[in-house]
Amino acid sequence: MSVYLRKLLRFLPIYILLMIISTACVSFRESDQKVFRKFNKTTVTPKIYRTSFENKELRYIADKEIDTQLPTILFIHGAPGSAGNYFSYLKDPVLGKKANLITVDRLGYGYSDHGNAETSIDKQAESIFAIAEKHELKNIILVGWSYGVPIAAKMAFKFKEVKHSVLVAGAMSPKDEKFFGIAKMATWKLTKWLVPKPLKIANYEKLSHVEELTKMQDNWSQIQSPITYYHGTKDNIVPFENMNFIKSQVPDTILKPVILKDMNHFILSKKYALIQQELLEILEK
């Protein structure tokens, strides 16, 4: 057996594990046709939109034709991920009666300049805000998860149209950034061809994340709109220490921290009713 083959076989179990985790936890890329099929048995007929940001196409999906008279809940996924991570929220008839529900493929993922990494948190934030500008949305609630949290925070810092942010299990603290050995597969010549494109994009973001988070560290204390922040004590993907970080950075006059004992990273799905109730209360205000 050649040395090359032996090395390849060494990584095969890791690759299989990587694919199992990936397909179980995130939606990578769903065509327009597949999106419509996912809503077939619901009362919701999604509306698929596209816009341009710096000559890059950005795809986003709403639960209905966007109504500028309604407030808007804008959902931002992590890395990897796609707009599909939030389809359960778009299917929610209670939320849908009170707000526009919009989920976006971030740049590099899904059908938004797929395969080309945009590692700048600022650019990611600006690209998503282009949706608000296009539709003249003035009353925005952000929901950010994992790597989507600092992007949502950057938007809250920059844009007065953001009225509240619901942030979940966020990778925010530069000194607490967690690295996984398995990510090396995305860069090693021997194995990178095995790694799906969305995971490569996520790895590019990961490699620049400490620098990007450090750049925006002073922004947190200048955010003026309220933030609700959730983190689980048993999160093995994004360390719980990020809860301490946001509490040290954001004034307690606008921060509502919620510690979820024994909860892992997947709060959005496992604590759906909790997030839904928070969103409804924000909409009532």
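What follows is a conversation about reading some features of a predicted model.

Biologist: Before we start, what counts as a local feature in this predicted model, and how are residues numbered?

Modeller: Residues are numbered from 1 along each chain as its sequence is written, and in this predicted model local features need pLDDT of at least 70, side-chain atom pairs count only at pLDDT 80 or more, and totals for chains, interfaces and linings use all residues. Side-chain values use heavy atoms, with hydrogens and water left out.

Biologist: Okay, the overview then: how many helices and strands are there in the chain?

Modeller: Helices (H or I, at least four residues) and strands (E, at least two) are DSSP runs, numbered from the N terminus. Here the chain has 10 helices and 8 strands.

Biologist: And what share of the residues is buried?

Modeller: Buried means under 20% relative accessible area, exposed means over 50%, and partly exposed is in between (1.4 Å probe, protein chains only). By that reading, 55% of the 285 residues in the chain are buried.

Biologist: What about contacts between residues at least 24 apart?

Modeller: Contact means heavy atoms within 4.5 Å. Among contacts between residues at least 6 apart in sequence, 73% join residues at least 24 apart.

Biologist: Which residues of H5 are buried?

Modeller: Quite a list: Ile121, Gln124, Ala125, Ser127, Ile128, Phe129, Ala130, Ile131, Ala132 and His135.

Biologist: What caps the N-terminal end of H5?

Modeller: Look for a polar contact, that is, a pair of N or O atoms within 3.5 Å; within protein, one must be able to donate a hydrogen and the other to accept it, and residues adjacent in sequence count only if both atoms are side-chain atoms. In this case Ser120 is the cap, with a side-chain oxygen 3.3 Å from the backbone nitrogen of Asp122.

Biologist: Now, how do I describe two packed helices?

Modeller: By the angle between their axes and the distance between the axes. Axes are lines fitted to C-alpha atoms, for helices over the stretch in contact, and angles run from 0 to 180 degrees between N-to-C directions. The axes of H5 and H6 (residues 148–158) come within 9 Å and cross at roughly 70 degrees. On the H5 side the contact includes Ile121, Ala125 and Phe129, and on the H6 side it includes Pro150, Ile151 and Met155.

Biologist: Is His209 buried or exposed?

Modeller: His209, in helix H7 (residues 197–215), counts as buried, because its relative accessibility is 4%. Leaving aside neighbours within four places in sequence, His209 is in contact with Ile121, Tyr147, Pro150, Ala171 and Glu177.

Biologist: And His231, buried or exposed?

Modeller: His231 lies in strand E7 (residues 227–232) and counts as buried, at 0% relative accessibility. A polar atom of the His231 side chain lies 3.4 Å from the backbone oxygen of Pro239.

Biologist: Last one: which side chain does Lys98 join in a polar contact?

Modeller: That of Glu284, at 3.2 Å. Lys98 sits in helix H4 (residues 93–98) and is partly exposed, with a relative accessible area of 33%.
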